[in-house]
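Please read them with the sequence and the structure open beside you.

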Number of protein chains: 2
Amino acid sequence: MAEAKRTPRKQPKQQRSRAMVEVILEAAARILVEAGDSLFNTNAVAARAGVSVGSLYQYFPSKEALISELSLRHADAMNHALRGITGDFSGAPLPILIRKLIDIMCAAHAVEPELHMALLRHAHRNIQDGPTAGEIDGQQLVLGLLQQRHGEVTVMDMEEAAFLVSTMVHETIHATVLHRPSMLQSDDFGDALAKMVLAYLTPSQPATQSPLVIGVKTHRMRQARTGR
Amino acid sequence: MAEAKRTPRKQPKQQRSRAMVEVILEAAARILVEAGDSLFNTNAVAARAGVSVGSLYQYFPSKEALISELSLRHADAMNHALRGITGDFSGAPLPILIRKLIDIMCAAHAVEPELHMALLRHAHRNIQDGPTAGEIDGQQLVLGLLQQRHGEVTVMDMEEAAFLVSTMVHETIHATVLHRPSMLQSDDFGDALAKMVLAYLTPSQPATQSPLVIGVKTHRMRQARTGR
DNA sequence: TTATAATACGAGTTAATATTCGCATTTAAT
DNA sequence: ATTAAATGCGAATATTAACTCGTATTATAA
C-alpha cells in the first residue's frame, strides 16, 4: 500500500484506450461476482482484463475508483429508468405509479444480484462520505414526485418524506437481494412495499368520497421481463 | 496477513484474563468510534488496551472476531429489550405494541451511533455468510408475535412477513442512523414506520369489507424501457 | 518519413499489518 | 514450597497488494 492516489488521472483519448477502460471495468465486475472481495485487487483485475497493472493505473487512480465507476453506471441506469416511468405514468393514479416504480426497482436489482451485492458492500464501506450522487438523485426524483402530487399526499415535510420513502424502499430491496433473492421476483413483495409507502403518504381512511380505487383487487400487471 | 485464523481460541479462565478480554473489546470499540476503520487493526487495539498483540490473539483468532463479539453483544442487548417489551405489552392492542417496539429500536440505535455505524460497515462486509444470529433472533421474535396475534394480522406467509417487517424496520433505522441521525429522535419517524408496518400487517379497510371491488379503470401503460 | 505524443508493459519497490513463537511472569493446586 | 498450568509479552516474520517507473510499442501529425 504505497502512498499517492492522485485522484485525477489521464482520460482515454484514443479508441484503443477507451476500449481498454471498458475491458478493465468488465473484468472488475466479473471478479467481484465470481471471486469475491478478497480476490478483488488491482493486480487481479489487470490480469483478468489481460492488461498491465500500469495501464490500469493510467486511468484509475485507485482500486476504489473502479468500484465507484461501476456504482455510478449502475445508479445512472436505474435513475434513468425511473425517470422514464414517471414520465410515462404522469397521468396515472398515485398507487399505480408507485407500484410501477417499485416494480422497476425490484427488476433492476434482480439483474446481476451478485454484482449488486458486491457494490453494496463496498458502498457501505465508504458511507462516511455521505450518500452517493445516485442516492441523492433518487431522492430528488421522489421529492419532485411528491410535490407534483401534493394534493394527494398528506405529509408534513416533503423533503423528509422523500428521504424516508426512498430509503425504506431501497434498503428493503437491498436486504432482500442479499437474503431472499427469490422474494424479489414475487408480486407480493412489491405489493407489500407499495402498500406501506401509500399508507405513509396518503390519509389512512381514503374517505368514501372517492368512488374509484378502493381495494385494488390485485391488479396484476404483467411485468415485462427485464432480463439482460 | 499471514495464514491460520484458527477459529477456536482459548477461553479466559482466570479473572485476570476475563478482565483483559473486556479491556480489549472496550479498546476496539473506542478505536472504531474515535479513529475510524482505517486505524482499526489488531496492533492498534492491543496498544490502546495496554495489552500485547500476542495476548489479544490468545482470545480472539482474528480482528474480525473482535467485531463479531461487539456486534453480538449489541444484538443481544437489543433483542433482550424487545422481548421485555413484548412481555410487558402482551395485552396491549397491536398498534400500541408495534409503536413501542419501534420506539425501543430507535432508542437503541440512537445510543453510540458512531459505534453502530462502524459495526454496520463491518457487518456488511461479511454479508456473504448469511444473516447474523442477532438478525435471525429478531425475526424469530417478530414471527412469534405475528403468530400470537394471528387473528389481527392478514398476511399470507407469516415467516415471510416476519422477515419483511423486521428487515424493513431495521434497515430503515440503520440508514437513518447513518444519514439523518437527528430524525431518529423525532416521534414522526417512529410514527411513520409504525404506520407502514400496520398497513402491511392489517386489513386496509378496517370496517367496510364490502364486496365493492371496483376494477381500476384500464390504464394505458407504455412499455417500460429497462436497459440502459 | 519522421517526430512526438499517447499508450502499454510488468518487474520491482514499499507500506501496512496480520499473526506467530520463544521466553517471562503470575496464578492455583498439591 | 514446588510445580504445572495459565497468562502475558512483543520483536520478528510473513504475506498481501497498492502503486511506480524506466522502457517498449503504437498511433497521429507534420
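1. I begin at a place where the two chains meet: B:Ala175 touches A:Thr167 and A:Glu171, once residues up to four places away in sequence are set aside. Please keep in mind throughout that this is a predicted model. B:Ala175 belongs to helix 8 of chain B, which covers residues 158-179, and this alanine is buried because 23 other C-beta atoms lie within 10 Å, where 20 or more are required. B:Leu120 stands 55 residues from B:Ala175 in sequence, yet their C-alpha atoms are 9.9 Å apart in space.

2. As for the overall make-up of chain A, the model gives this chain nine helices and zero strands, so that the pattern read along the sequence is α-α-α-α-α-α-α-α-α. Of its 228 residues, 29% count as buried. When contacts in chain A between residues at least 6 apart in sequence are considered, 67% of them join residues at least 24 apart.

3. An α-helix has 3.6 residues a turn, so residues three or four places apart point the same way. Just after helix 1, A:Gly36 adopts a positive phi of about 95°.

4. On the helix 4 side the contact is made by B:Ser71, B:Leu72, B:Ala75, B:Asp76, B:Asn79, B:Leu82, B:Arg83 and B:Thr86, which meet B:Ala133, B:Gly134, B:Asp137, B:Gly138, B:Leu141 and B:Leu145 of helix 7. Sorted by class, this contact has six nonpolar, five polar and three charged residues.

5. Which residues touch the most other members of the largest nonpolar core? They are A:Val165, A:Val197, B:Val165 and B:Val197, in a core of 59 residues. The largest share of this core, 10 residues, comes from helix 5 of chain A, residues 94-110. Leaving out neighbours within four places in sequence, A:Val197 is in contact with A:Ile98, A:Val165 and A:Val169. In soluble globular proteins, nonpolar side chains tend to be buried together.

6. Finally, two backbone angles deserve a careful look, since most residues other than glycine have a negative phi. A:Glu112, although not a glycine, has a positive phi of about 50°, and its place is in the loop between helix 5 and helix 6 of chain A. With 16 C-beta neighbours inside 10 Å, A:Glu112 counts as partly exposed. In chain B, the phi of B:Glu112 is likewise positive, near 50°, and this residue is found in the loop between helix 5 (94-110) and helix 6 (113-125) of that chain. B:Glu112 is partly exposed, with 15 other C-beta atoms within 10 Å.

Notes:
Residues numbered from 1 in each chain as written. Chains lettered and ligands numbered in written order. Predicted model: local features only at pLDDT ≥ 70, side-chain atom pairs only at ≥ 80, totals over all residues. Helix = DSSP H or I, 4+ residues; strand = E, 2+ residues; numbered from the N terminus. Contact = placed C-beta atoms within 7 Å. Nonpolar A, V, L, I, M, F, W, Y, C, P; charged D, E, K, R; others polar. Buried ≥ 20, exposed ≤ 12 C-beta atoms within 10 Å, placed from the backbone. Core = buried A, V, L, I, M, F, W, Y, C linked by C-beta atoms within 7 Å.
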